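Hello,

Here is the structure I promised to pass on to you. Have a look at it first, and then read on for what turned up in it.

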Amino acid sequence: MVTKETTATDVIKVFIADPLSEDGIYPLREEKDLNLEIIIDTGNSKEELIEKIKDVDALIVRSATKVTREVIEAAKKLKLIGRAGVGVDNIDLQAATERGIIVVNAPDGNTNSAAEHTIAMMTSLARHIPQAYLSLKNGKWDRKSFVGVELKNKTLGIIGLGRIGTEVAYRAKGQRMNVMAYDPFLTEERAQELGVTKSTVDEICKEADFITVHTPLLPETKNMINKEKFDLMKPGVRIINCARGGIINEDDLYDAIVEGKVAGAALDVFVEEPAVGHKLLDLPQVIATPHLGASTVEAQESVAIDVSKDIIKYFKTGTVTNP
Ligand code: NAD
Ligand code: MLT
C-alpha cells in the first residue's frame, strides 16, 4: 500500500464557491508557509460543483451554494468546509461528520450588519418607505396612502436573543421601544441586564406590536411562527424576518396579511432563494430585500477573514477556532 504524507509543499486546493470579499481573503493570498491554490469559481450548478470539487481540500461558501450529501460525497479529498457567515443550514452537517470533514463558520463578523438591517427593515415597514419611494418614482405625490406608525413606546418581541437578537434589542431600546424576548437560554438576570422582559413565545405573540425572529433554522424553529401563533397576535402586528426563511410559515403569513391580522411584514429571507416571483411579494404590505442582512463591506470582509484564518490554522495545526 502506498501512503502519502502531507508536507509543507503539498498543494492545498481551496475552492471558493460563492462571492467573497477580495479584501477578506488576503490572509489566504498572503500565506507563505502553506502551498495554497485558491480557486474562485462561483455560480456553479450542482452538477458543475460536483465535477469541480473532486480534488479540493477546502471549500468556502456563503448561503447560495448548497453543500448537500451528494456534493460532500463527490469531494473525495475534502477536509474542511468554511461558511463565510453564521447559518450552516445550507450544509449537510451529518454527511460532513460521517466523512470527518470539519465545518467552520464565522459567527461574529456579520452580527452588526444583520442587526442594523433588521432595524432598517422595521423602520421602513413602520413608515412604508419602500412603497412611498416606488409611488414617487412612478410620478405620484401621494402622502395619504403612507401614514405610518411610530416605534417609540411600541413593544418589540424578539424571538432568539443570541448575537443578532441582542444587538437588535440594544438598538430598539435606543428607539425607546419596550422589548420582550424569548430565548431558551435567556436568564432573568441577563434579561434585566439588557432591559428586556423575559417572555414566552405566546406572550410575545399576544402583546407585541412588532415581532422579529433571530433563531437559527432548526427542526424546532421551522414554522415556529405559524397560524396558531398568528391567531394569538394583536391585529395590526408587524413581522420582521432577517434570520432564515421557514422560521415563519410563509403560507400562514400570507393568509394572516390577506385577512388583515398582520399589518405588514419585512422579509430578507425566504424558504426558497432566489425568491423572485414569490406570492408574498405581490402583497403591498410586504417589503423585502434579497438576503442582504450581511451584505456590507465590513461584514463581508470580516467573515471572509475569519474563515480564511481558520483554514490556515487548520492546515497548519489540525485545529480550528469555530468548529
Ligand atoms: P446566534 O447563534 O448567536 O443566536 C441564535 C439564538 O437563537 C441563540 O441564542 C439560541 O439560543 C436561540 N434559539 C435556538 N433555538 C431557539 C428556539 N427554539 N426559540 C428561540 N430561540 C432559539 O445566531 P445569530 O448570529 O444571532 O444569527 C441568528 C440568525 O440570523 C441565524 O439564522 C443566522 O443564519 C441568521 N443571519 C441572517 C443574516 C442575513 O443575511 N439575513 C445574517 C446573519 C445571520
Ligand atoms: C448568515 O447566516 O450569515 C447570513 O445568511 C448571511 C450570509 O450568508 O451572507
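Helices (H or I, at least four residues) and strands (E, at least two) are taken from DSSP runs and numbered from the N terminus. With that naming, Asn 153 sits in the loop that joins α6 to β6, the strand spanning 155–159. Please keep in mind throughout that this is a predicted model.

Let me start with the backbone. Asn 153 is not a glycine, yet its phi is positive, at about 70°. Is Asn 153 buried or exposed? Its relative accessibility is 57%, so it counts as exposed, the cut-off being over 50%.

His 128 also has a positive phi, about 55°, without being a glycine. You will find His 128 in the loop between α5 (111–127) and α6 (129–137). Its relative accessibility is 17%, and because buried means under 20%, His 128 counts as buried.

Helix α5 holds another residue to look at, Ser 124. Ser 124 has a relative accessible area of 15%, so it is buried by that cut-off of under 20%. What does the side chain of Ser 124 reach? It reaches the backbone oxygen of Ala 120, at 2.7 Å.

One peptide bond deserves a visit too: the one from Glu 273 to Pro 274 is cis, with omega near 0°. Pro 274 belongs to the loop between β11 (262–267) and β12 (286–288).

Now to the ligand. Which pocket does ligand 1 take up? The space taken by ligand 1 is the largest pocket. Ligand 1 is surrounded by 26 residues, and the closest are Arg 163, Ile 164, Asp 183, Thr 215 and Asp 268. Sorted by class, this shell around ligand 1 has 13 nonpolar, 9 polar and 4 charged residues.

- Asp 183: an N or O atom in its side chain is 2.6 Å from an oxygen atom of ligand 1.
- Thr 215: a polar backbone atom is 2.8 Å from an oxygen atom of ligand 1.
- Ile 164: a backbone N or O atom lies 2.9 Å from an oxygen atom of ligand 1.

As for how much of the ligand is covered, ligand 1 taken alone exposes 860 Å², and the protein buries 88% of that.

Best wishes

How values were computed
Residues numbered from 1 in each chain as written. Chains lettered and ligands numbered in written order. Predicted model: local features only at pLDDT ≥ 70, side-chain atom pairs only at ≥ 80, totals over all residues. Heavy atoms only, no water. Buried < 20%, exposed > 50% of the residue type's maximum accessible area, 1.4 Å probe, protein only. Near = heavy atom within 4 Å. Polar contact = N/O pair within 3.5 Å; in protein donor to acceptor, adjacent residues only side chain to side chain. Areas by Shrake-Rupley, 256 points an atom, 1.4 Å probe, with all protein chains shown as cover. 1 Å grid on protein atoms, 1.4 Å probe; cavity = no way out; pocket = protein on both sides within 12 Å on 5 of 7 lines; lining within 4 Å. Sits in = over half its atoms within 2 Å of the grid points. Nonpolar A, V, L, I, M, F, W, Y, C, P; charged D, E, K, R; others polar.
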